[in-house]
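Please keep the sequence and the model in view while reading.

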Amino acid sequence: MLATGPATVLAQKNLKGKDQLITITTPQGEMKLVLFDDTPLHKANFLKLAKEGFYTGTTFHRIVQGFMIQGGDPNSKSGDRNNIGTGNPGYTIPAEILPKYKHVRGAVAAARMGDHLNPKKESSGSQFYIVENHRGTPMLDEAYTVFGQVIDGLDVIDKIAAQPKGARDRPISDITMEVKVEEVKKKKIAKKYKYSY
C-alpha cells in the first residue's frame, strides 16, 4: 500500500535487501511498479516475461475510463485486431488471492477467464490490468489475484484510460508498452516513492 507520510518511511529505516522496480513505458508516459513477495508465482512469472522481452511491443488493448486498463496479450503485437484479448503464453498461473490486497487505485492484478470456465480462478499467464478508478474497484476484491502496485505515474494510468476507443473498449491508436526491470535497494524505493513495504 502507498505510504501517506514521512513517519512511515522513518519506520522502515532497517529495510534490507533489494527489490525489482518495474518500469512500463508507454506513449502517454512512464509507470513504476513493485510486485508483492507473497504472491511469488505471479511475481516470478511477470519478472521472467519482462526480462525476456515478452511484453515489449504488446499493447494496453482494453481501456475503460473510471475502471481499469488491461494489457499483456502477445496477440496485440501482430496488428490483427480480431484476436486481441485471447492471447497468452500457453499456460495459466494458480490463483494467489490474498484478502489483504485490495483493488485500490494503481493495483496490478492478473486477468483471467470467468468462473464458469475457470472455477479455480487461475490467472492468465501474461495478461494483467491496472486499476484506474481513484476510489478503487472493491467489487473485484478476492475474485482476482492482485500481485503488485503502481508507485509512481498514477497520472499515466488516467491518460491511457482517457484515450479514444472503439468497439470492445479497444483504443483507436495502439498504446504500446516497453517493460524493464531493475534491482533497487528497498530503502531507496521506500524513500523515493514513499512506498510502504
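## Second largest pocket

In this predicted model, the lining of the second largest pocket comprises 7 nonpolar residues, 1 polar residue and 5 charged residues. The volume of the second largest pocket is about 200 Å³. It is lined by 13 residues, and those closest to its centre are Phe36, Tyr101, Tyr195, Ser196 and Tyr197.

## Largest pocket

The largest pocket holds about 550 Å³ of space. Its lining is formed by 26 residues, with Gln70, Gly85, Ala111, Arg112 and Gln127 lying nearest the centre. By class, the lining of the largest pocket consists of 9 nonpolar, 12 polar and 5 charged residues.

Which strands each supply at least two residues of this lining? They are strand S3 (60–64), strand S4 (68–71) and strand S7 (123–124).

## Strand S2 and its partners

Strand S2 covers residues 29–35 and is mostly covered, with 5 of its 7 residues buried. Strand S2 pairs with strand S1 (residues 18–26), and the two run antiparallel, joined by 5 bridges.

## Overall fold

How many helices and strands does the protein chain have? There are 4 helices and 10 strands. Along the sequence, their order follows the pattern α-β-β-α-β-β-β-β-β-β-β-α-β-α.

Among contacts between residues at least 6 apart in sequence, 75% join residues that are at least 24 apart. Buried residues account for 49% of the 197 residues in the protein chain.

## Dimensions

The C-alpha trace of the protein chain spans about 50 × 35 × 35 Å along its principal axes. Its radius of gyration is 16 Å. A compact globule of 197 residues would have a radius of gyration near 16 Å, so the value for the protein chain agrees with that expectation.

## Summary

The model is predicted. Its largest pocket contains about 550 Å³ of space, and the second largest pocket has a volume of about 200 Å³.

Definitions and conventions
Residues numbered from 1 in each chain as written. Predicted model: local features only at pLDDT ≥ 70, side-chain atom pairs only at ≥ 80, totals over all residues. Heavy atoms only, no water. Buried < 20%, exposed > 50% of the residue type's maximum accessible area, 1.4 Å probe, protein only. Pairing = 2+ DSSP bridges. 1 Å grid on protein atoms, 1.4 Å probe; cavity = no way out; pocket = protein on both sides within 12 Å on 5 of 7 lines; lining within 4 Å. Points joined across faces, edges and corners; volume = space filled by probe spheres on them. Nonpolar A, V, L, I, M, F, W, Y, C, P; charged D, E, K, R; others polar. Rg over C-alpha atoms; globule rule 2.2 N^0.38 Å. Contact = heavy atoms within 4.5 Å.
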